[in-house]
Each structure stands twice: as C-alpha cells, then as structure tokens.
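The following paragraphs lead the reader through one protein chain, from its overall layout to single residues. Please keep the sequence and the model in view while reading.

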Amino acid sequence: MNTLVVAGAIVSNGLLLLAQRTRPPELAGLWELPGGKVEPGESPADALERELREELGVETSVGEPLAGDVELSVGRVLRAYRVELVSGTPVPLDHSGLRWVDARGLVEADLVDADRAWVPELSELLRQHEPSRDPS
C-alpha cells in the first residue's frame, strides 16, 4: 500500500508560496510546495490542512488536486492541491525560509525534483491570477 504525501499550492494575490527545505541533507536549501504525510485515518485534505498549520501557522482550505501524482520512492506518492489561505500569515516553523513567487520566479526557483511536474500548471495558474496592471 502506498503512503500518500500531500503538498499545497497556496496562491495569494497572483503569487505562489514556496518553502525552503532544511532536511534531508540532499534536499536542504531547495524549494518546495509545503506539506507532509497523510496519517492513517486522515483524508488528504485534512492532512494537508494539519501539515500547513504545523509548518506555516496558517489556516487553509484545500481545493482541487493538481494534475497527476508523482512517485517519490517505492510506496510513496506525492499529490499536490490548490490551497486557499483562510487566516494567518505564513511563517517558516519547519523550513529555513519562505518566499512568494510569480510565474517567472517559479520557473527560476531551485525546486525539489518532485515538484517540477507541476510547474507548467502552476505557471498557468499564476498567469491567470496576476494582479491587473493599470495601463495609465
């Protein structure tokens, strides 16, 4: 049976939140969508809301999954969801840093390999939510 790991694509004001990993050593310093393991008896949405509360100190609402799961290792699968920030300001409780990126920043970020599968979908999502620029 596969262990499901969930990650959240938190988009606010046309920007996506990325978190910088502190561990394991081979991933330390890389950027990722925050999240964690689904515990027995938890739904993926409940697990993601719990993980984001523990890691970022925020309350969230989990939406639709992004396209496609990513196999992390034998028996471990990663699934990402669109997430709406309900309350709180994210702080790096379990990461070395946080940053908000636009579509260009996402493409340029030094992401963990597992999250790269969603870059095209997330870039499109960010372009759709860019704040409109006043032409005057």
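Read along the sequence, the protein chain follows the pattern β-β-β-β-α-β-β-β-β-α-α. This amounts to three helices and eight strands, where helices (H or I, at least four residues) and strands (E, at least two) are DSSP runs numbered from the N terminus. The model is predicted, and local features need pLDDT of at least 70, side-chain atom pairs count only at pLDDT 80 or more, while totals for chains, interfaces and linings use all residues. Residues are numbered from 1 along each chain as its sequence is written, and side-chain values use heavy atoms, with hydrogens and water left out.

The C-alpha atoms of the chain fill a box of roughly 55 × 30 × 30 Å along the principal axes. Buried residues make up 42% of the 136 residues; buried means under 20% relative accessible area, exposed over 50%, and partly exposed in between (1.4 Å probe, protein chains only).

The interior can be followed through its nonpolar cores, each a set of buried Ala, Val, Leu, Ile, Met, Phe, Trp, Tyr and Cys residues joined through side-chain atoms within 4.5 Å. In the largest, of 23 residues, Leu16, Leu18, Leu33, Leu106, Trp118 and Leu122 touch the most other members. At least two residues of this core come from each of β1 (3–12), β2, β7, α2 (103–108) and α3 (119–128). Another core, of 14 residues, lies apart from it, with Val38, Leu48, Leu52 and Val77 among its members.

Strands β6 (residues 70–73) and β7 (residues 76–87) run antiparallel and are joined by three bridges; two strands pair if DSSP finds at least two bridges between them. Val70 has Leu78 in β7 as its bridge partner. Two residues lie between the strands of the hairpin, and Gly75 in the turn has a positive phi of about 85 degrees.

Finally, where is Arg21 found? Arg21 belongs to the loop between β2 (15–20) and β3 (31–32). Arg21 counts as partly exposed because its relative accessibility is 22%. Leaving aside neighbours within four places in sequence, Arg21 is in contact (heavy atoms within 4.5 Å) with residues including Leu30, His95 and Val112.
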